[in-house]
Amino acid sequence: MARRAVERELSRERILEAARHLFITKGYRAISMRSIGQHLGYSHGSLYYHFKEKAELFYAIVVEDFNHVAALLSEAMNNPPEQGMTRVEQLVMEFIRFGLDHPYQYEIMFMIRDEELLAYCRAEQGRCFELFAGIVRRHMKEEGYVSEDWQSVPLTLFLSAHGFISYYIQDKVSFEDVKQAALTHIKVLSRSL
């Protein structure tokens, strides 16, 4: 009975958040289920109620984070853009906002260098980019852009947003700290395209 109370108290969300932080700050290989349990103040056995192994836990983090980004991108395209912005500019802005306001998630999703872990991320990265590219292409068709640009422009926008995030994420700044710089970056990029 006491074990069930502990299992309910130690939620899947708490485990995911702690593991996400530890994987980023200490590295995937340096972290064990035992160290995650210790960080949370529980035995590692409590974690196995939710996850069979560390790799399953890592993959759950990746999927959760990419699903969150997918929802944000879809929401950005379904809502009217901020005054003075196109839908695509708003899409890029929301992607940048996510990266800077959720640096641990973004680093796991797009900046991890461990070859073993990249295998968990690549499929989800591709899914995220295809969603982003599909939204951009749909907008480009509606706006009458030439079809030759439908393949190159989404990748250019995506990589440019990633570069912006990668540059500022190292300084541990929030989106609000660099919002004006992000807006300027997006507007210059839009004019160039």
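# Chat about a predicted helical model

Biologist: Hi! Where does UniProt place the feature "domain: HTH tetR-type"?

Modeller: The unreviewed UniProt entry puts "domain: HTH tetR-type" at residues 9-69. UniProt positions follow the numbering used here, feature names are shortened, and annotations may be inferred rather than shown by experiment. Before we go on, this is a predicted model: local features need pLDDT of at least 70, side-chain atom pairs count only at pLDDT 80 or more, and totals for chains, interfaces and linings use all residues. Residues are numbered from 1 along each chain as its sequence is written, and side-chain values use heavy atoms, with hydrogens and water left out.

Biologist: Thanks! How much helix and strand is in residues 9-69?

Modeller: That span is 72% helix and 0% strand, with its end C-alpha atoms 27 Å apart. Helices (H or I, at least four residues) and strands (E, at least two) are DSSP runs, numbered from the N terminus.

Biologist: And where is the "DNA-binding region"?

Modeller: The unreviewed UniProt entry lists it at residues 32-51. Over residues 32-51 the chain is 60% helix and 0% strand, and the end C-alpha atoms are 12 Å apart.

Biologist: What about His44, which helix is that in?

Modeller: His44 sits in helix α4, residues 44-47. Its relative accessible area is 25%, so His44 is partly exposed; buried means under 20%, exposed over 50%, and partly exposed in between (1.4 Å probe, protein chains only). Not counting residues up to four places away in sequence, His44 touches Met33 and Arg34, where contact means heavy atoms within 4.5 Å.

Biologist: New topic: which residues touch the most other members of the largest nonpolar core?

Modeller: Phe95 and Ile96, in a core of 63 residues. Elements giving two or more residues to this core are α2, α3 (33-40), α5, α6, α7, α8, α9 and α10 (179-192). A nonpolar core here is a set of buried Ala, Val, Leu, Ile, Met, Phe, Trp, Tyr and Cys residues joined through side-chain atoms within 4.5 Å.

Biologist: What is Phe95 in contact with?

Modeller: Leaving aside neighbours within four places in sequence, the contacts of Phe95 include Val69, Leu73, Tyr106, Phe110, Cys128 and Phe158.

Biologist: Tyr106 and Phe110, then. Which residues of α7 are buried?

Modeller: In α7 (residues 103-111), the buried ones are Gln105, Tyr106, Ile108, Met109, Phe110 and Met111. Their cover includes α2 (12-26), α5 (54-78), α6 (87-101), α8 and α9 (149-169).

Biologist: Is Gln90 buried or exposed?

Modeller: Gln90 counts as buried, at 6% relative accessibility. Gln90 is in helix α6, and beyond four places in sequence it touches Ala76, Pro81, Glu82 and Met85.

Biologist: What span should α8 have?

Modeller: Helix α8 (residues 115-143) has 29 residues, so at 1.5 Å a residue it should span 42 Å; the end C-alpha atoms are 40 Å apart, which agrees. The expected span is 1.5 Å times one less than the number of residues.

Biologist: Where is the kink in α8 centred?

Modeller: On Cys121, and the kink is about 40 degrees. The bend is the angle between axes fitted to the seven residues ending at a residue and the seven starting there. Just after α8, Gly144 takes a positive phi of about 80 degrees.
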